[in-house]
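Please open the structure in the viewer and keep the selection panel at hand.

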Amino acid sequence: MSCEESRERITLSLYGDLSAAEEAALARHLLACADCRAEREALAATVSLLRRLSPPVPGRAQPDPRRAAPTVPDRAQPDLRRASTADPGHDRPDLRRLAAAAAILVAFVWGLATLSAPPRDRTAGAPSGHGAVNGPRNDSAPAPADVASNSGAGESMSAEERLLAASGPLLPAEEDRLEGLAAGPDAALALRAIEKLARDGSARSVPALRAALARPALRTTAFEALAARGALAEAVLIPALRDPALRRVAAAALARRADTAAIAALLAEAARGDDLCRAACRAFPASVALPVLVGAAGAPATREVAVELLLTTDGDTFRTTLLRACEEDPALRAAALARAAHDPSDPRAARFLLLALADPATADAARAAIAFVPVRVLRAAIAAGLREQAMRSPLAAWLTSRVEEAAARDLLASLLDDASLRPAAARALLACGDLRPVPILLRSAAADDIDAFGTLSPAPRRRELVRALRARDLRPGALQAIDERDTALWREIVPFLADPASRGAAADALARAGADDAVPYLIPHVARTRSGTSVRQALTALVQVDLGEESHRWSQWWRSGALR
Amino acid sequence: MDATDDAAVVAAAGRGDKAAFALLYRRWRPLVFGVAFRITGDADVAEDVVQETFLQVHGALAAWRPEARLSTWIYRIAVNEAIDERRRSRRRPSPLGDLPAPAPADRAVADRIAEAVASLPVREKAVFVLRHYENLPLAEVAEVLGIALGTVKATLHHALTKLADRLKDLR
């Protein structure tokens with residue numbers, strides 16, 4: 001391999017873009033070529049520098065945007081109230097690069113062993129670029145080995161080491177000593193001292209921690225410690241939201257403050273696309289968050305994120321407040337409903353849609369917004385809504401309009417136990433051939449329910465009536481439902497004339513059915529009794545003659561063949 | 001998000017479904033903004049690029065075919081827009097520009113890096129941003145920019161060599 005080829009491959013190697021065989025070939029060349037090794041070190045150091053200190057993309061929460069799902073469910077969001085360390089997204093090693101770096105290392109070791117060449121220096125076996133390629137590392141902070149090399153140099157260092165290694169509360173003198181180390185020129189010792197003060201220091205260590213904020217190598221640790229003590233003002237926390245190393249801690253600290261300035265700052269970052277700040281906004285109590293969110297929802301620049309938070313923060317207060325704001329602001333209404341209809345599988349977004357449906361001021365817009373959302377997607381929210389008396393009627397009306405969907409039919413069927421909604425729900429179901437309402441309507445036998453049964457088409461109507469007439473509990477309703485469409489059913493009805501309990505209803509049914517054929521079966525039952533009177537009235541309606549309450553006069557008339 | 005999902009969303013957006021287009025925007029805005037910011041070095045200009053990119057995407061929805069990767073298509077438009085926007089060098093005052101900057105020392109280094117990347121020739125800058133910052137595989141970089149894989153490899157190396165030279169005092 002020539003040096004020219006090698007140099008292009010060095011770049012590819014640093015990005016993990018070489019195969020294992022290419023890595024091995026490159027490693028063999030590097031063993032033999034000092035110039036290329038130097039080139040590799042320079043390029044690796046540059047990649048490391050670019051990874052560590054490139055300006056962050058404002059608002060970008062993760063290093064790889066294609067892996068950062070913008071619609072991560074809220075359940076996956078970190079608990080910011082507990083967050084206290086740097087953003088792990090920035091420290092996550094790329095497995096592909098790890099594998100590539102491991103391949104280089106193996107190749108080097110293999111090469112060294114094969115050639116029996118003694119290692120020339122410690123970096124030859126582990127090129128300096130590895131740390132950079134594998135992931136960011138704070139080069140201003142010492143590696144453990146570096147710190148170890150500083151220890152044991154004398155009696156005073158041993159005392160410092162003992163102090164730094166000890167755990168538990170500090171004596172005032174020890175705290176003073178640590179503060180001295182933290183302010184000292186040795187960055188490695190200073191970092192360890194700050195870490196120790198952060199862990200075990202008392203309130204008097206706060207000034208030392210504040211001073212450490214000015215030193216880049218100590219800043220993150222000091223910032224975390226001060227944030228944990230609640231010792232950072234908003235004027236410090238808010239700008240830190242844009243610092244990749246501090247933003248998670250800053251967001252958590254602001255969330256703990258729970259005041260309007262804090263949520264306003266987080267909201268501004270969230271509006272720029274920062275998901276971490278968006279999640280932090282959810283930690284605020286409604287009393288603090290609502291005024292800020294409603295205000296932000298009214299402004300086009302922050303509307304999207306404010307609507308998102310109002311829609312999807314736990315607690316109906318957020319959604320009902322959004323709904324009230326929507327009533328007065330058509331643009332906000334459109335945005336909120338469109339967003340909710342976007343992801344109606346989120347139960348909170350679905351809940352908002354249903355609240356909007358039940359509110360006369362927003363009902364029309366809500367219906368339009370969810371016109372294409374399948375009912376099954378909203379099913380859980382609807383089922384919950386149907387348990388609320390105030391929402392049942394508007395939801396039933398909307399479900400009726402969606403009756404072609406199986407899930408809508410199931411939900412409508414669940415409304416059949418509500419007498420006030422039953423007729424409408426039953427009509428919708430019967431209209432699409434769903435017969436679940438039939439027994440419920442016939443058992444109820446209320447006038448509206450019988451009317452609803454009347455909307456059933458002829459073939460299933462006849463079948464269902466025959467079946468119902470044979471069921472004792474459905475028979476009264478079935479007899480009541482008989483009308484002129486059911487003339488052919490007279491043979492099914494006549495047997496019930498024999499039972500005084502059903503005689504009157506059966507006679508009425510035969511009359512309504514216009515069943516002339518049933519006249520000779522009715523005549524024997526004319527009497528002065530209540531059911532006998534019903535029979536007489538049925539006969540009168542059928543033959544247009546009234547021969548009174550004497551059965552023999554009707555028999556005589558029948559034998560005379562008057563009707564036939 | 002999978003390809004089927006992408007295809008469905010783009011198809012719906014192409015039929016004029018505003019909600020689908022809004023979803024597309026929400027999903028891809030961070031990516032577009034990231035690449036635009038890296039190429040232009042300016043958050044405000046990057047915002048302009050985002051707007052222009054999605055205008056282009058909206059106008060060309062019908063042209064996209066599901067067999068093409070959506071990310072590649074959007075990257076291509078975003079990179080072209082970012083390069084054009086950089087040339088135009090339009091700037092607007094930032095409404096959040098008065099927020100305090102991060103630590104001064106890091107900020108100075110970050111500015112040097114941004115300057116060094118910005119000074120790369122257009123093709124080198126695009127290749128470098130897509131591979132280094134956006135972590136795109138080389139083959140996809142080639143696809144986005146419409147150049148050969150070998151050219152991508154050589155260009156990446158040239159870009160990194162130049163950056164190493166311009167930033168050597170910071171290493």
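Begin by selecting the contact between the two chains, to which chain A gives 34 residues and chain B gives 38 residues; two residues are in contact if their C-beta atoms, placed from the backbone, lie within 7 Å. On the chain A side, at least two residues each come from helix H1 (3–14), helix H3 (34–53), helix H12 (216–228) and helix H20 (330–342). Helices (H or I, at least four residues) are DSSP runs, numbered from the N terminus. H3(A) provides the largest share of this side, seven residues.

This is a predicted model, in which local features need pLDDT of at least 70, side-chain atom pairs count only at pLDDT 80 or more, and totals for chains, interfaces and linings use all residues. Residues are numbered from 1 along each chain as its sequence is written, while chains are lettered from A and ligands numbered from 1 in the order in which they are written.

Next, colour chain B by pLDDT, the predictor's confidence in each residue, from 0 to 100. The average for chain B is 81, and 85% of the residues score at least 70. Then select residues 90–103 of chain B, where pLDDT stays under 50. Where pLDDT is low, the predicted coordinates should not be read in detail.

Finally, select helix H29 (residues 458–469) of chain A, which has twelve residues. Here A:Arg461, A:Glu464, A:Leu465, A:Ala468 and A:Leu469 are buried, meaning that 20 or more other C-beta atoms lie within 10 Å of a residue's own. The buried residues of H29(A) pack against helix H27 (437–444), helix H30 (475–481) and helix H31 (490–493) of chain A.

Notes: The expected span of a helix is 1.5 Å times one less than its number of residues. A residue is buried if 20 or more other C-beta atoms lie within 10 Å of its own, exposed if 12 or fewer, and partly exposed in between; C-beta atoms are placed from the backbone.
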